[in-house]
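Take a first look at the model below. Then follow the text from the whole chain down to single residues.

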Amino acid sequence: MKMQLQSAIKGLWFNRWSSLLCMVSIGICFFIFTAVFLLLYNLEIFTKKLSEKAAIVIYIKEGTTQDETSSMIANLKKMGVFSKIQYISKDEALNEMKDLIDPSLIQLIGYNPLSDTVEAFIKEENLKNIEEITKKIKEIKIVDDVYYPTKIISGLKTIKVTMWNFAIAVLCFISIAILFIIYATVKSFYWKKTEEIEILKLLGATPSFIRLPFLIEGGIIGLGGSIFATVLIILIYFALHSKDILTYLPAVTQIVFPVEVFYVLPVFGVIFGMLSSFFALGKIKYQ
């Protein structure tokens, strides 16, 4: 193993400019790969937060008793599709809207025109069934009307589906690009050592003995590329959180960077590198 490791390092040093160019190229690919992942990760967090604020507003009929309202709320809780249910009386609603409604207008009307309402916050996993849930609620006797943010819900679905389809296409393309770059680089290293490999064959070297240095080379190239991508991500992270950027884009602080990425990326780099090298070498034949 020590001999193969030394041979791999020697081979990389001998082809240092090709190796460096390969590492930079796949580093940029890994950077794009990670950027797409972070985009999806933050999109999931954003949609989850937004969906938590999307509530079904149930308007209760005038003259409904408190017991009837309490019974309806208890039945809604039993459905198990809501994360939070809160009752808002029309007096409480009027107090909340004091800044929006002119008090003189209420005095002119002579009564509170608002209705008692129940806000039911639907769980994210049940958003797809929101229309069915709304229909069931409308069938309740004391319910006057039901409102739910149709455009927000449908917009979230469209954005998520579009982004996931785009991300899958990009990730597949980038993965193929990384594999091909390492494949082509290791293949060129292999052809440069054709004479040396033939001598090893004559001396009785096994295919695994011949193959291992190239697998290590591929693994090191993949590791180098992933480290380069990690450094780029860290630099951009600090650049985005600098005072100059935060002055114009304060929303940047809401972007989440999971630390696990910095552990997983090098592992992915090594795996991609060794896998590409394995396919590049193919079957080592003895004549």
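**From the surface to the core**

Start at V24. This residue is partly exposed, because its relative accessible area is 30%, which falls between the 20% limit for buried and the 50% limit for exposed. V24 sits in helix α2. It also belongs to a nonpolar surface patch of about 550 Å², together with W17, L20, I28, I32 and F228. Which helix supplies the largest share of the nonpolar patch? Helix α2 does, with 5 residues; the helix covers residues 16-53.

Now step back to the whole chain. The model is predicted. Its protein chain holds 287 residues, and 37% of them count as buried. There are 11 helices and 4 strands. The chain exposes about 18,200 Å². Carbon and sulfur atoms supply 66% of that area.

How far can the model be trusted? The chain averages a pLDDT of 77. A score of at least 70 is reached by 78% of the residues. Among the elements, helix α3 (residues 66-79) has the highest mean pLDDT, 86. Helix α10 (residues 243-248) has the lowest, 60. Where pLDDT is low, the predicted coordinates should not be read in detail.

Next, go inside. In soluble globular proteins, nonpolar side chains tend to be buried together. In this model, the largest nonpolar core has 27 residues. Those with the most contacts inside this core are F30, I174, I178, I182, F214 and I221. Four elements are listed as giving two or more residues to the core: α2, α7 (150-192), α9 (207-240) and α11 (261-281). Helix α2 gives the most, with 9 residues.

Which residues does I182 touch, leaving aside its neighbours within four places in sequence? They are C22, I26, G218, I221, G222, F272, G273, S276 and S277.

F214 is another of the residues with the most contacts inside the largest core. Its place is in helix α9. Is F214 buried or exposed? It is buried, because its relative accessible area is 3%, and buried means under 20%. F214 and S277 are 63 residues apart along the chain, yet their C-alpha atoms are separated by 6.4 Å.

Of the contacts with a separation of 6 or more, 86% join residues 24 or more positions apart. F166 lies in helix α7. It is partly exposed, with a relative accessible area of 48%. From F166 to V36 the sequence separation is 130 residues, and the C-alpha to C-alpha distance is 9.3 Å.

The other pair involves a loop. I140 lies between α6 (130-138) and β4 (143-147). It is partly exposed, with a relative accessible area of 28%. I140 and I60 are 80 residues apart in sequence. In space, their C-alpha atoms are 9.9 Å apart.

Terms used: Residues are numbered from 1 along each chain as its sequence is written. Side-chain values use heavy atoms; hydrogens and water are left out. Patches are made of residues with over 30% relative accessible area and no salt bridge: like charges are joined within 9 Å, nonpolar side chains (Val, Leu, Ile, Met, Phe, Trp, Tyr) within 5 Å. Accessible areas come from the Shrake-Rupley method with a 1.4 Å probe; for residues, only the protein chains shown count as cover. A salt bridge is a side-chain nitrogen of Lys or Arg within 4 Å of a carboxyl oxygen of Asp or Glu. Buried means under 20% relative accessible area, exposed over 50%, partly exposed in between (1.4 Å probe, protein chains only). A nonpolar core is a set of buried Ala, Val, Leu, Ile, Met, Phe, Trp, Tyr and Cys residues joined through side-chain atoms within 4.5 Å. Contact means heavy atoms within 4.5 Å. pLDDT is the predictor's confidence in each residue, from 0 to 100.
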